[in-house]
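Please read them with the coordinates open.

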Amino acid sequence: MAPVRLAQLIATAESLTSSGVPVLPIKPRAKLPFPNPDTGSWWVVDDPDHVATVFQQVVATLGDCNLAMVCGRDKGSPVLVVDIDGPSGLAKAQELGVTSAASCWVQRTGRGGWHIVYFADAGLELRRRVKPQGVDLDLVVDGYVLVDPSLTEGPYRWQPGHGPPDILLADMDSPPAALLEWWQVSQTKTVLTIEDDLQKTPSAYSLLKKPIPHGQRNDTLTRIAGWLRLYH
C-alpha cells in the first residue's frame, strides 16, 4: 500500500472513531472484514489511539486493506446508512425524502451507488432487509459499509461538503419520517408473509408427527423423503 493511501485511511478511521463511530479493517478490494487475530470475529476499533496500530498490522499482513464504518445502535454506532444501489432505489429514496441537501454524510460507492448517512436515534426498532419490495435500497441499521478511501470495482468517495470532516455528528439529521414509516411497514409485511407461508406449508419434519391427510399421500411422502435425503 502506498504511504499516502495508508495515511489517508488512518486519518479517516481516526476521524470516525473520534466522532464515536467504530470502524473495521476490510480485506483489500473486497467487503470482507479482516478478523481479529485473538478472537476470529470482527476487529472493531472504537478508540482513535488504536487505529494506526491495527491498520498498520493489517497492511503488513495483506499488503493493502479497505475501511468500513459500523452502523446501527445494536452494533454500538450512532449512525445508519441508506444504501442506494440502482435506479429504483434512487427513485424510492427521493420519494421518501432522502436528499443530499440534508445535513448528512453522502458517499459515492465503488459500484456507482450512493450511501446517505444519518444519525441513528436511540430506540429505533429497525431490522436490516436487502431490497424490500424489490427496490434497490437497503437500510443498514445492523452491520457496516465501506467508506472512502476504500476501493472495490471503483473508489468510494465522500461528496464535497458532505463528509465526516464537513458535518459533525452532533449536527447530523435523523432519517426522514417517511423513510422510517415505509421501512417499518415493509418489515411488518415481511414478518406476516413468512408466518402465513409457514401456516400454509408446514415443514416436512412436522409431517412426521401427524397422520397423512386424505388425498395428500404422494405429496406428503415425497416431501418427507426429500427431507430425509437432504438431512440424513
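1. Which residue in S2 is the bridge partner of Leu-24? That partner is Ala-68. The model is a predicted one, and the points below should be read as comments on a prediction.

2. The pair Leu-24 and Ala-68 belongs to a set of four bridges that join S1 to S2, the latter spanning residues 66-71. S1 and S2 run antiparallel.

3. These strands are part of an open sheet of three, in the order S1-S2-S7, and the pairing is antiparallel. S1 (23-26) and S7 (143-146) form the edges, each with pairing on one side only. From one strand to the next, the twist averages 35°. In general, strands of a sheet pair through backbone hydrogen bonds, in parallel or antiparallel fashion.

4. H2 lies across S1 and S2 and runs at about 10° to S1.

5. H1 (residues 3-18) and H2 (residues 48-62) also meet one another: their axes come within 9 Å and cross at roughly 145°. The crossing is right-handed. On the H1 side the contact is made by Leu-6, Leu-9, Ile-10, Ala-13, Glu-14, Thr-17 and Ser-18, and on the H2 side by Pro-48, Val-51, Ala-52, Phe-55, Gln-56 and Val-59. By class, this contact of H1 with H2 has nine nonpolar residues, three polar and one charged.

6. Two backbone features deserve a check by eye. Arg-29, in the loop between S1 and H2, has phi near 50°, a positive value in a residue other than glycine. The peptide bond from Asp-148 to Pro-149 is cis, with omega near 15°. Pro-149 sits in the loop between S7 and S8, the latter strand covering 157-158.

7. What is the volume of the second largest pocket? The value is about 160 Å³. Its lining includes Gly-72, Arg-73 and Asp-74, along with Leu-80. Further lining residues are Ala-120, Asp-121, Gly-123, Leu-124, Glu-125, Leu-126, Arg-127 and Val-141. Sorted by class, the lining of this pocket has five nonpolar, two polar and five charged residues. As background, empty space is found by rolling a probe the size of a water molecule over the atoms.

Key. Residues are numbered from 1 along each chain as its sequence is written. This is a predicted model: local features need pLDDT of at least 70, side-chain atom pairs count only at pLDDT 80 or more; totals for chains, interfaces and linings use all residues. Side-chain values use heavy atoms; hydrogens and water are left out. On a 1 Å grid over the protein atoms alone, a cavity is a set of points where a 1.4 Å probe fits but cannot get out, and a pocket is an open set with protein on both sides within 12 Å along at least five of seven lines; lining residues have an atom within 4 Å of a point. Grid points are joined across faces, edges and corners, and a volume is the space filled by probe spheres set on the points. Ala, Val, Leu, Ile, Met, Phe, Trp, Tyr, Cys and Pro count as nonpolar, Asp, Glu, Lys and Arg as charged, and the others, Gly among them, as polar. Axes are lines fitted to C-alpha atoms, for helices over the stretch in contact, and angles run from 0 to 180 degrees between N-to-C directions. A crossing is left-handed if the near helix is turned anticlockwise from the far one by less than a right angle, and right-handed if clockwise. Contact means heavy atoms within 4.5 Å. Two strands pair if DSSP finds at least two bridges between them.
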